[in-house]
Amino acid sequence: MENDEDERRSRKKDMLKMYYGVNGADSNTSVGNDPLDIDSPHFHAENYLRKIKQEKSLAELMDAENDMAKQIRTLDSEMQTLVYENYNKFISATDTIRNMKRDFRQMENEMEKLTTNMSSITELNSEINETLKENRQKISKLSGVHSLLKKLQFLFELPAKLQKCLETGAFSTAVSYYMKTKSVLQHYQHMESFSGIERDCKAIINEIIAKLKQTFHDKHSSAQQLAECVGLLLRLGEPPGLLCDEYLQHSRHKLDEDLQELESYLVEEGVAIKSENSNSSHHLLIDVLEFIDRGSNGFLSNLSLTIAAYENLFIKQTEITSMTAALDGTYSPMMQSEEVCKVASNKLMSFVEELLNSYFHLVEKRLMLDRRSRDNALVVRALDRFYRRLQATTNLLPSLDIMSLGRAIIIRVAKARCEHYKLALEEFFMDCLTDARHAISSPKGKAAPVTLNLLDLVNSTASAILNQTKSVLADVQLFTVRDINFSSMTYFGHEFSSHDVREVIIVSFLRYISESLLKFCDRSGGPRSGSPPPALLLLLSRLCRDFEQNTVAYVLTLTDEQFVIASKDRKTEVTSLTAEMGKTAQQLLEGFVHQSGVSVSRMIRTSIEARDWLRSVEPRQVRAVMRRVVEEITQTDQQVGSLYEEGIRKARSSDSSKRTHPFNQSSVSRQRDRSHWGAYAASSTMDNSLLSNIQKLFSERVDVFGAVEFSKTSIMTGIVKIALKTLLECVRLKTFGKFGLQQLQVDCHYLQLYLWRFVADENVVHGLLDEVVSSCVHRCVEPVAMEPSVIDVICERG
């Protein structure tokens, strides 16, 4: 559409040029000199007609004629429209020119009138000059005398005016009067009349200066009054340094009151904390956020106003006053103004720095009171407001590095919070241990040992510790939120995350768990007050095992992801912590095996030592202590089985001589028992000691306190070995009679019937029990063995 409009406009322009006979159409619409082109200026009609008659048919000629007639009518219409439009414009331009001629004619008339008036004024001026020519000098002289008399009258009336201003309190007017006449009075002070006026004026001005200085000592003086007072004193030439000290001293009273008010909140905090410990109903007056708000809206606001007013009065105003005085000739060197500004700036910096140090001390003290607060969001918001307000104060006094002091406080508070969270995690862990210990050691019914699910207790304890750790990470992450202004500090981008959070809180906590649990691994074997029960050691070993396999890696990975800690900034690797946890788990498990074995061994040793084996009666049943031993080991097996997998067992031997029988199986002859134990009682000619030594040569050595694996069979094997080894050592310290030997045969066979199922290798039980009976035979005064069938009957009945 735009191209069609441009073409139509171009055609109209060409038609207008053709109508008015203007040559040189626009180069863009110009055509060639082809005589057969109907739009060409060199168009030849006869040649064109001859050509189309030869080339076109009659129908085409008639169509061309109709088309050409239509174009001619269109062009005529457009040409007429164009002419009419331009005609209207020409008529409008003619009217405009006619109006301009009429207006200029009126202006010419006005100019003629103005010229006439100016000529009249010039004539009158000449007449006045001619008339006053003779008296002009007299009038000028009288005017000068009149002005001088007015000045002299003002000088003579000046003391009275100053006195009146002093009485009415119009000090500004008095200073203005005095400063206008000061140079004149000093210039003519050699004259007696002027010297008297100067003395009177100086006396009154000194009284005014004293009155103005009293404003500094009035604590109710407003900032506007002080500003006016300082401005007047500076105009009167008072030393700027002295005025600076006076002004700062007056401002200090209000600022000290603000600091004392903040300090009173700290005193109340201390009282509240003491009363809280004594179960009093007294509560904290304000929280840390309100404390920061009051400090910002009170002390910092007043300090900012003081800084702004001081700079206007003693730095900017001093420069203006110095320039004015230099123009008057009373305060010449400009360099003196720069020195005054420098001194004033130094005084202000010292003043502000001293007050800010006191304020920062109070703020840090209050923030440190909340370092154990559970609401970390409140502390972070308080720090953010504190930081924002410091930024605004810094803009007023950029030469004083206020922000570095503020950043140092924020960093110390953040470190204190991290240290608090570390201690809180440690306390929480110890509470979890206490709860687990109470769950294990609390009074239970007969069925309680079976119903106590150690695995659920382990899972709940691990889940509680993990959830508390996540909660701590979420709390400390508030320090690095983007909405917090101080989170852009370099400290929070690097050291806070990699050191304070990862190392101080998480890594230290994990190591604390490992170190704390290692203290439970006591192998003294003797009874101690507060010593952990064996079940607790078993539970803690599984807890450390879970930490080694899953929790440590998960917590550290979560910390690295939440705080975007690069691998190069990770001082402690996951592998080192998992290795420590694994070592702790191993020692706890060994401690459990040792304490459980010692617990069973204590019963065995007591039963052996308390019995007179030389005077024992013929055995009729298994001793109760042996049944108690089996029950204790069975209960321990159930506890271990709830936390650890079965483990690997050696296949049972196919040798029938080493086969043991279930407790409910009928009596079956035991070839091994007959061959071995019958041999001990057989002939006196056989060297029993030699036979025992020969048997030991072909039996495996039993390592009682060997390494324990994380499986049920390995754990139970360690406990059983300790118990049987204790039985062996106790037997070696006793002397047995006939029935003592037989009772020990019954007890050992009873143990053999039940203990083989708990160990990884049944040969361990067989070998140790063989040694027990062999040692008893050596220490028997009348070694007569009991028949195996009788032993079976007694054990089945027992």
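The legends below describe close-up views of a predicted model.

Residues are numbered from 1 along each chain as its sequence is written, and side-chain values use heavy atoms, with hydrogens and water left out. In this predicted model, local features need pLDDT of at least 70 and side-chain atom pairs count only at pLDDT 80 or more, while totals for chains, interfaces and linings use all residues.

**View 1. The protein chain holds 25 helices and zero strands.** Helices (H or I, at least four residues) and strands (E, at least two) are DSSP runs, numbered from the N terminus. Of the 798 residues, 39% are buried (under 20% relative accessible area, 1.4 Å probe, protein chains only). Among contacts (heavy atoms within 4.5 Å) with a separation of 6 or more, 79% join residues 24 or more positions apart.

**View 2. The largest nonpolar core contains 156 residues.** Such a core is a set of buried Ala, Val, Leu, Ile, Met, Phe, Trp, Tyr and Cys residues joined through side-chain atoms within 4.5 Å. L303, L356, Y359, F486 and F496 touch the most other members. Helix α12 gives the most to this core, with 15 residues. Leaving out residues up to four places away in sequence, L303 touches L255, F351, V352, L355 and L356.

**View 3. L425 sits in helix α12, which covers residues 402–441.** L425 counts as buried because its relative accessibility is 0%. Beyond neighbours within four places in sequence, L425 is in contact with Q468, T469, V472, I505 and F509. Y512 is 87 residues from L425 in sequence, and the C-alpha to C-alpha distance between them is 9.6 Å.

**View 4. Helix α11 runs through residues 376–396.** Its 21 residues reach 31 Å from first C-alpha to last, close to the 30 Å expected at 1.5 Å a residue (1.5 Å times one less than the number of residues). Buried residues of α11 include N376, D384, Y387 and T394. At the start of α11, a side-chain oxygen of D375 comes within 3.4 Å of the backbone nitrogen of A377.

**View 5. Ring pairs link Y387, F479, F486, Y491, F492 and F496 into a cluster.** Rings of Phe, Tyr and Trp (its six-membered ring) pair if their centres lie within 6.5 Å; planes under 30 degrees apart count as stacked, over 60 as edge-to-face and the rest as tilted. The whole structure has 17 aromatic pairs. One of them, F486 with F492, is tilted, at 5.2 Å centre to centre and 45° between the planes. F486 is buried at 0% relative accessible area, and F492 is buried at 3%.

Terms used. Buried < 20%, exposed > 50% of the residue type's maximum accessible area, 1.4 Å probe, protein only. Polar contact = N/O pair within 3.5 Å; in protein donor to acceptor, adjacent residues only side chain to side chain.
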